[in-house]
Each structure stands twice: as C-alpha cells, then as structure tokens.
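Subject: Structure handover

Hello,

Please load it first, then read the notes below.

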Amino acid sequence: MKAWVYGEYGGVDVLKFDPKVPVPEVKEDQVLIKVVAAALNPVDAKRRQGKFKATDSPLPTVPGYDVAGVVVKVGSQVKELKEGDEVYGDINEKALEGPKQFGSLAEYTAVEEKLIALKPKNIDFVQAAGLPLAIETAYEGLERTGFSAGKSILILNGSGGVGSLVIQLAKHVFGASRVAATSGPRNLELLKSLGADLAIDYTKENFEDLPEKFDVVYDAIGQCDRAVKAVKEGGSVVALTGAVVPPGFRFVVTSNGEVLKKLNPYLESGKVKPVVDPKGPFSFAQVAEAFAYIETNRATGKVVIHPIP
C-alpha cells in the first residue's frame, strides 16, 4: 500500500512517501480500515521528533492517530462492526505508550474495534477524521476536573483542535453556566459561534488580569503558570502541554470508542460541530507541508489529509 513513513527521528524532512508498505495484519479484535481521511495532531509531530522514543513502537513508522474510513475486513472476535461500515476513531489506545507502528497516513490501517465508532451520518470523512483524538481529549479533561452543569470555564487556545471542542462540550454537553476562551483577533467570532460567552483577544488582554475567575481553566496551549492565576480557589486547571504548576494537572488521553458513541448524538444534532482548518484538507502528497503547518501552532481547528489514494 501507499503510505508515509519515517525511518529515523527528526524534522519534517525525515518523512518519505513509500508506495510499497505491507498492509497491516488484522488481529482477532481488529478491523482493517480503508482510510478515506486522516488528521494530524501535535502528538504526531512530537513522536516524529523522538520526544518519547523510549516507549515508542519500532521504526520505521507510518504516522497518524486519527482516521475516518470504511471497514474492509473484520477479525474473528469483532462483534458489532462489519465490512462496509463507515467508521472513525483514534487508532492508538495510549498516545505515548507503544502506539501502532502502522498509523493512519496510509491506504489501510488496522485498529481494535473498541477504539472506533460508526461515523456520524451528517458529517463527511474529512470532518470525522479531525474529531477523535481532540474530542476524546476535550471530553476526558472535562471529566477529570469533575466539570458539571452550572460551572464556569476558561479555555486557552479556544480556536485550536482541542480548544474548539472543549468550548462546545462544556456548553452543550456538560451545561456550563459561562464559557470564556482565548484566541487571536481573527478567531474571536469563531469562538462566539462555538458557544463562548466571552471571547478574549490574547494580543490585547491578559486573561489572568481579568477580575473574573473560573471553576476550571482548560489550558490547551502550555501556559499553566498563568492559567493557575485565573482559577477560583478549589478549582481545577487541566494542562495538555508545557510545564505544570499546582493546582494544574496533566493527563494523556486514552482512546475510547465508547466516548465517540456517547458524543455521536450531539454531532448528529449539530450541537457539536467539527472545525477543520480552512487551509485544508491537505492532499496525500502534501503530508510534509501539513506537518510543517501544524508545527507552527497557528492552525484553526484540525489539519486533515484527504483524499488518501
């Protein structure tokens, strides 16, 4: 099959297109997916740079966590999925511990049934590919803080892949009383359209200097030292990246198809919407450019690769 691979850790230049990668074997609890679209996440770039090589799978690596596609083969223990099903998910149960050697930036990928879900009918493969890792991270972070109806939240980098979904989940799934979020000036209207009551332009205002404090601060950019100044006493700060300062905590998402199934009704009703970066989707030939772009930290929503041959 055609795939993108790297045989050494490093910059974007280690990525190579390979037209002759073996199609992965399907284990008993797995399905083989014909990939229609895949998405990049910051973890893809960090992994390629060798930031967690001690727990990585062996090289050469086909990168890619997020996938949307069609089931073409099912293992003997697969219970619910069948050939022809349109599915999506994050193919790596643990992001940093032994992620799959053969990821989603390929024509085919094999994944455990428990990690994926049927694709919501009202969204296309491009939109679906951008959801899994980000929406599961958004959801798990809110769960870990004990977020519930009536609480307030501030999201740092509300226009990014995770942040854009935290705004929507906090508001429409968890029932937040007040949602604030930061972005640059060009994305303030986007934040409001997603459900933010207060959109903060980080180029003009320091969020930690506002008189208002929040029950939860969800730091999706790596500013925990500032985030802890914006939280109410007894509140929680979730940090996805960067140094963590108490009471902040960090977690690494566990991929879980049950979370996608639980959130599918919100996607199908249109209450929660995928946000795909307007520069995309990037073609399969542009994977290196897509990596370079995500590494600028300037993406709005998700960087998606489509079509995949």
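One cut-off before the rest: a residue is buried under 20% relative accessible area, exposed over 50%, and partly exposed in between. The model is predicted, so keep that in mind throughout.

R144 first. This residue is found in helix α3. Is R144 buried, exposed or partly exposed? Its relative accessible area is 49%. Leaving aside neighbours within four places in sequence, R144 is in contact with F249 and F251. L260 is another matter: R144 and L260 sit 116 residues apart in sequence, and their C-alpha atoms are 17 Å apart in space.

Now the largest pocket. Its volume is about 950 Å³. The lining comprises 35 residues, and P42, V43, K46, L240 and T241 are the closest to the pocket's centre.

What is the make-up of that lining by class? There are 19 nonpolar residues, 10 polar and 6 charged.

Which helix gives the most to the lining? The answer is α1, with 4 residues. Both α1 (42–48) and α3 (132–144) supply at least two lining residues each.

On domains: the lining of the largest pocket takes at least three residues from domain 1 (3–133 + 256–305). Domain 2 (134–250) also contributes at least three.

Best wishes

Terms used:
Residues numbered from 1 in each chain as written. Predicted model: local features only at pLDDT ≥ 70, side-chain atom pairs only at ≥ 80, totals over all residues. Heavy atoms only, no water. 1 Å grid on protein atoms, 1.4 Å probe; cavity = no way out; pocket = protein on both sides within 12 Å on 5 of 7 lines; lining within 4 Å. Points joined across faces, edges and corners; volume = space filled by probe spheres on them. Nonpolar A, V, L, I, M, F, W, Y, C, P; charged D, E, K, R; others polar. Domains from an automatic or database assignment. Buried < 20%, exposed > 50% of the residue type's maximum accessible area, 1.4 Å probe, protein only. Contact = heavy atoms within 4.5 Å.
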